[in-house]
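This report goes through selected helices, strands and side-chain pairs of one protein model. Please keep the sequence and the structure in view while reading.

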Amino acid sequence: MKRFTNKVVMITGANSGLGRATALSFAKEGARVALIARRKEEGLSVLEEIKSAGGEAIFISADVSIEAEVIKAVEKIIEVYGGLNIAFNNAGVAEIPCSVTDLDEAEWDRVLNVNLKGIWLCMKHQIPRILESGQGAIVNMASIYGQVATGLGLPAYVASKHGVIGLTKAAALEQAKNLLRINAVAPGWVPTPGNEPGLSNPDIKAYAESIHPMNRLGTQQEIADTVLWLSSDQASFITGQAINIDGGYTAQ
């Protein structure tokens, strides 16, 4: 029996990068996966990957920063699959690097609306549905920059990811009595389509590797494996935690 046979999993930002890798991994483990993302063409491509490998999934186009679209996505999952067991709230964005004093208000709002408000909205509407289905798990996407700051000029991103960890802890304490576990993952630098332009520069890649004590970048599969573990019965006594997947970065 696969770990997630017949479990329904909602994944936001599922059209590429860590969302895609995690969706494929859940599907391989027998889950019925609801892919949530704004970019339809990429989302449908991931859907086809899953189906071609014999998995089960649906794609729903939605912007997690808009409550009406989150509600619509969750209700569609219930309509198709009859319930919801697990959620990976992964959708995120970052600003173009700049200082606190140069950051535009609209850019601040864009980053916080997706990274923090989006996770709050998703949990707001996921939690009641997961409780209807029994025990479950939610994993939120944080970052090492939710644990520490960086001088690379990402004040809105850093603020949003610190907020994700605080929100995760608050929600976890609320739901512990209901046996709904809520955790976060906090990856270090991992190559994804979003940061590929920067990491294609050998100097930037060398710098990114050097700041991790293990002297390498993480992999998308390493993050996906941790999300699946946190969502499984193997992590049944873990809640309210932010799991660093960072090659030792935050231990320094």
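This is a predicted model: local features need pLDDT of at least 70, side-chain atom pairs count only at pLDDT 80 or more; totals for chains, interfaces and linings use all residues.

## Helix α3

Helix α3 runs over residues 67-81 and has 15 residues. At 1.5 Å a residue it should span 21 Å, and its end C-alpha atoms are 21 Å apart, which agrees. Which residues of α3 are buried? They are Val70, Ala73, Val74, Ile77, Ile78 and Tyr81. These residues cover an arc of only 135 degrees around the axis, so they lie on the same side of α3. Ala68, Lys72 and Glu79, on the other side of α3, are exposed.

The cover over the buried residues of α3 includes three strands, β1 (8-12), β2 (32-37) and β3 (56-61), together with helix α4 (105-133). Just after α3 comes Gly82, with a positive phi of about 85 degrees.

The structure holds nine salt bridges. One of them joins Glu67 to Lys124, with the closest N and O atoms 2.9 Å apart. This pair links distant parts of the chain, since Glu67 is in helix α3 and Lys124 is in helix α4, 57 residues apart. Glu67 has a relative accessible area of 29% and is therefore partly exposed. Lys124 also counts as partly exposed, at 39% relative accessibility.

Arg129 and Glu75 meet through their side chains in another salt bridge, at 2.8 Å from N to O. Here too the pair links distant parts of the chain: Arg129 belongs to helix α4 and Glu75 to helix α3, and 54 residues separate them. Glu75 is partly exposed at 35% relative accessibility. A network of salt bridges links Glu75 and Arg129 with Glu132.

## The pair Arg39 and Glu42

Arg39 and Glu42 form a salt bridge as well, and their closest N and O atoms are 3.1 Å apart. How accessible are the two partners, and what does that make them? Arg39 has a relative accessible area of 44%, so it is partly exposed. Glu42, with a relative accessible area of 33%, is partly exposed too.

## Cysteines

How many disulfides does a search of the whole structure find? The search finds zero. Cys98 has a relative accessible area of 19%. Buried means under 20%, so Cys98 counts as buried. Cys122 counts as buried at 1% relative accessibility.

Strand β4 covers residues 86-89. Ile86 and Phe88 point one way from the strand, while Ala87 and Asn89 point the other way. Are these residues buried or exposed? All are buried.

β4 pairs with β1 in the parallel sense over three bridges. In this part of the model, Ile11 stands opposite Phe88 of β4. β4 also pairs with strand β5 (residues 136-141), again in the parallel sense, over four bridges. The bridge partner of Asn89 in β5 is Asn140.

## Ala172 in helix α5

Ala172 has its place in helix α5, which covers residues 155-175. With a relative accessible area of 1%, Ala172 is buried. What is Ala172 in contact with, leaving aside its neighbours within four places in sequence? The contacts are Ile182, Thr239 and Gly240.

Phe4 lies 168 residues from Ala172 along the chain, and the C-alpha atoms of the two are separated by 22 Å.

## Helix α8

Helix α8 has 12 residues, 220-231. From its first C-alpha to its last it reaches 17 Å, close to the 16 Å expected at 1.5 Å a residue. Its buried residues are Ile223, Ala224, Thr226, Val227, Leu228, Leu230 and Ser231.

What do the buried residues of α8 pack against? They pack against helix α1 (17-28) and against the strands β4, β5, β6 (180-187) and β7 (242-245). Strands β4 and β5, both in that list, are the pair joined by four bridges.

Terms used:
Residues are numbered from 1 along each chain as its sequence is written. Side-chain values use heavy atoms; hydrogens and water are left out. Helices (H or I, at least four residues) and strands (E, at least two) are DSSP runs, numbered from the N terminus. The expected span of a helix is 1.5 Å times one less than its number of residues. Buried means under 20% relative accessible area, exposed over 50%, partly exposed in between (1.4 Å probe, protein chains only). The arc is that of the directions from the helix axis to the C-beta atoms. Contact means heavy atoms within 4.5 Å. A disulfide is a pair of cysteine sulfur atoms within 2.5 Å. A salt bridge is a side-chain nitrogen of Lys or Arg within 4 Å of a carboxyl oxygen of Asp or Glu. Two strands pair if DSSP finds at least two bridges between them.
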